Amino acid sequence: MEVVVMGVGQTKFGSHSDKSLPELFAQAFFEAFDSSNIELKDIEALYVGNFVGEITDGSANLGGFIADEIGLSGIQAMRYESACCSSAVAFKEAYLAIKHGVYDCVVVGGVEKLKSAGTSIGTRALATAVDGVYEINVGLTFPGVFALVARLYAETYGIPLEKLREMMAYVSIKNHRFGAKNPKAQFYNKLGNLKVEDVVNSKMICSPLTLLDCCPMTDGASAVILASEKFAKDRIDEPVYVRGVGQSSAGSLFRQGREIVKALPRRKSSEMAYKMAGLSPRDIDVALVHDCFTIAEIVALEAMGFFNYGEGAKATTEGLTDVGGKVAVNIDGGLIGKGHPVGATGTAQIYSAVKILRNEIDFVKVDAENVITDTLGGDFGTLVNVILSVHRR
């Protein structure tokens, strides 16, 4: 059974301190709902991703509260927690339920309020996605994780660290350029004309990563209406097909060791998605990858098969990841330019992918038939890849 996306919605990313998590989700939901040509009674289940609502808002058990907020009280409602992969995992589970005939139509999405929580609470909340014994207890947070990845990348591939810092800066420059044009982005109309020296000379966060190597903490929500092809057939004119999904996992950094620079769980996850879709990296027009830090985008593109290991940084500096290059990467701004509301990020990537495939994005034009999304949870602990297409299998 083919599964299609009917409608998508996303709030503006940034600060939403005046709204509860259910209220914020509702904004994204009704945008998706209004574009799907369905009635509320058609929706049979809710899948919602949220990472740290307990810490930031004192809110857990969100499924029922969100269902009630959007007028769906009484339906089956499930909350998923997989760090930054929360709504991506929710999407994969919703897809499988429809594919196997459990439901005809569901809503899946995510919501998070990290910017409103403030730096101290937000940083502590995010750190719960690393190992609670062997990593948190030695003070490791995510800038530290990816600073280690950057240093290991430089050592493994024989790139002087200062040269790598300049190469990583091109990720920030590109993604902020697109984010500055995206009205839904946290940095809309900001940071759109960065230079290498702006990135490398910004505030040092965790050497070698500076402030402009990092994505921001963000409030936001995203939502997707998923349905069987049969249900969607007479309701929408432009279905987007879910061609492939993949998921993989890993343990603590000390168990992954030096292989962390190769992001092997991501390689496995993306290969699962390619195989299910009957496609290869050569068939992908746009990749929306988890650029929580500049180095993260580089290692992601290598693990997903777009470039050989050790070549991603050079490819980025040569423009191969820009529009007109080998694969257009994060042309919605990515996490760096658009923002990272952790539980909402996975389905926010789906939002952008669908808009790109339907040619509904005004700020960048690219002809795309196949888009892959890539969401990472923790220090490579959970990986989810989704391939969306204008073509059915």
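Buried here means under 20% relative accessible area. The views below are taken from a predicted model.

**View 1. Helix α1 and its span.** Helix α1 covers residues 21-34, a run of 14 residues. From its first C-alpha to its last, α1 reaches 20 Å, close to the 20 Å expected at 1.5 Å a residue.

**View 2. The buried residues of α1 and what covers them.** The buried residues of this helix are L21, P22, L24, F25, A26, A28, F29, A32 and F33. Residues three or four places apart in an α-helix point the same way, because there are 3.6 residues a turn. The cover over the buried residues of α1 includes the strands β1 (3-10), β2 (45-49), β4 (105-113) and β7 (219-228). It also includes the helices α2 (53-56) and α3 (62-69).

**View 3. Surroundings of A26.** A26 lies in helix α1. Its relative accessible area is 9%, under the 20% cut-off, so A26 counts as buried. With neighbours within four places in sequence left aside, A26 is in contact with E69 and I70. M168 is 142 residues from A26 along the chain, and the C-alpha atoms of the two are separated by 37 Å.

**View 4. Pairing of β2 with β3.** Strands β2 and β3 run parallel and are joined by 5 bridges. L46 has A77 in β3 as its bridge partner.

Terms used. Residues are numbered from 1 along each chain as its sequence is written. This is a predicted model: local features need pLDDT of at least 70, side-chain atom pairs count only at pLDDT 80 or more; totals for chains, interfaces and linings use all residues. Side-chain values use heavy atoms; hydrogens and water are left out. Helices (H or I, at least four residues) and strands (E, at least two) are DSSP runs, numbered from the N terminus. The expected span of a helix is 1.5 Å times one less than its number of residues. Buried means under 20% relative accessible area, exposed over 50%, partly exposed in between (1.4 Å probe, protein chains only). Contact means heavy atoms within 4.5 Å. Two strands pair if DSSP finds at least two bridges between them.
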